[in-house]
Amino acid sequence: MNVKPILLTGASGNLGRMLTKALAAEGFSLRLTDIAPFPDPLPAGAKFTRLDLNDGVGLLRLAEGCGTILHFGGVSVERPFEEVLGPNIRGLYHVYEAARREGARVVFASSNHSIGFHERTETIDADCDFLPDGFYGLSKAYGELMGRLYWHKHGVESVFIRIGSAFPEPVDARMLATWLSFPDLARLIHRCVAAETVGCGVVWGASKNERMTWWGKDARATLGWEPQDSADTFAGQLAGKLSGDPVAERYMGGGFCTIDYSR
Ligand code: 15L
């Protein structure tokens with residue numbers, strides 16, 4: 001198993017905080033970073049450095065000696081192009097340059113919004129067309145392509161997790177399909193770190209939800225990961241919680257597809 005320190009970007013976000021707890025409890029040595037201060041008490045074996053992803057030299061220094069970079073940093077919702085550009089595009093380049101220098105593996109928090117304009121009636125495999133539903137989703141597609149470039153040109157390994165909806169609980173009907181429980185995500189990240197080799201592949205980030213008919217084949221077998229939790233127990237209370245918007249209900253990306261929609 002890879003026992004070198006793990007660098008986690010976006011450590012102060014909801015997923016970063018959850019992963020910090022889970023990985024620290026397993027005894028991993030963690031270098032945490034975010035543009036925002038870390039809001040929790042630091043667990044043993046973790047060090048936090050405040051950093052803007054635009055700071056390439058700072059990121060290179062932080063990554064020194066790390067075996068894995070968990071890249072959860074950057075803008076995590078739909079925003080205007082200029083706001084996405086720095087953290088999600090330039091920042092991503094800095095992450096991959098650091099990984100290349102260290103020979104580190106990258107685990108990239110990609111998103112369902114990189115393929116958000118696929119219709120919900122389809123079942124798509126990981127090698128489907130990118131159909132981003134906004135500038136945020138476009139930056140995630142770009143991230144996956146960046147990872148492929150660094151794999152083919154430099155041998156940098158990547159797992160791209162196309163996360164559905166990672167929240168403590170599902171909150172609407174769409175999430176009965178897209179929900180990824182925190183424990184399922186933590187177990188997936190553990191496998192991404194511990195697997196002997198991962199190559200370069202995509203994993204759909206959703207729990208074992210009966211309504212998850214949208215996403216098919218991916219690289220999970222290489223990692224030895226299967227989700228264990230399910231949104232199905234919430235179906236009774238959430239099945240009727242629809243958006244009321246035909247565009248949101250038609251496409252996998254839901255409400256993100258409707259933002260600035262003018263077709
Ligand atoms: C995402 O990529 C977002 O980061 C998250 O806030 C949710 O909106 C999620 O997708 C989703 O599609 O539910």
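Good morning. Residues are numbered from 1 along each chain as its sequence is written, and side-chain values use heavy atoms, with hydrogens and water left out. As the model is predicted, local features need pLDDT of at least 70 and side-chain atom pairs count only at pLDDT 80 or more, while totals for chains, interfaces and linings use all residues.

Let me begin with the sheet. Seven strands form an open sheet in the order β3-β2-β1-β4-β5-β6-β9, with parallel pairing. Strands here are DSSP runs of E with at least two residues, helices are runs of H or I with at least four, and both are numbered from the N terminus. Two strands pair if DSSP finds at least two bridges between them. Which strands stand at the edges? They are β3 (46–50) and β9 (200–205); each has a single partner strand, so one side of each is left without a neighbour in the sheet. From one strand to the next, the twist averages 20°; angles run from 0 to 180 degrees between N-to-C directions, and axes are lines fitted to C-alpha atoms, for helices over the stretch in contact.

Now to strand β1, residues 6–9, which pairs in the parallel sense with β4, residues 68–71, over 4 bridges. Ile6 has Thr68 of β4 as its bridge partner, and Leu7 stands opposite Ile69 in β4. Another 4 bridges join β1 to β2, and these strands also run parallel; in β2, Leu32 is the bridge partner of Leu8. In turn, β4 pairs in the parallel sense with β5 (residues 105–111) over 4 bridges, where Ile69 stands opposite Val106.

In a regular strand the side chains alternate between the two faces of the sheet. In β1, Ile6 and Leu8 lie on one side, Leu7 and Thr9 on the other, and all are buried. Buried means under 20% relative accessible area, exposed over 50%, and partly exposed in between, with a 1.4 Å probe and protein chains only. Strand β4 is likewise covered on both faces: Thr68 and Leu70 on one side and Ile69 and His71 on the other are all buried.

Next, the helices. Helix α1 (residues 14–25) and helix α6 (residues 182–194) pack at an angle of about 60°, their axes 10 Å apart. Leu15, Met18, Leu19, Ala22 and Leu23 of α1 meet Phe182, Leu185, Ala186 and Ile189 of α6, where contact means heavy atoms within 4.5 Å. The residues of this contact divide into 9 nonpolar, no polar and no charged. Here Ala, Val, Leu, Ile, Met, Phe, Trp, Tyr, Cys and Pro count as nonpolar, Asp, Glu, Lys and Arg as charged, and the others, Gly among them, as polar.

Leaving aside its neighbours within four places in sequence, Phe182 touches Leu15, Met18, Ala166, Phe167 and Pro168. The C-alpha atoms of Phe182 and Ala22 are 9.6 Å apart, although 160 residues separate them along the chain.

Finally, the axes of helix α3 (residues 81–102) and helix α4 (residues 135–154) come within 10 Å and cross at roughly 20°. The two helices are therefore roughly parallel to each other; angles under 35 degrees count as roughly parallel, over 145 as roughly antiparallel, 65 to 115 as roughly perpendicular and the rest as oblique. By class, the contact of α3 with α4 has 11 nonpolar, 5 polar and 2 charged residues.

Thank you for your attention.
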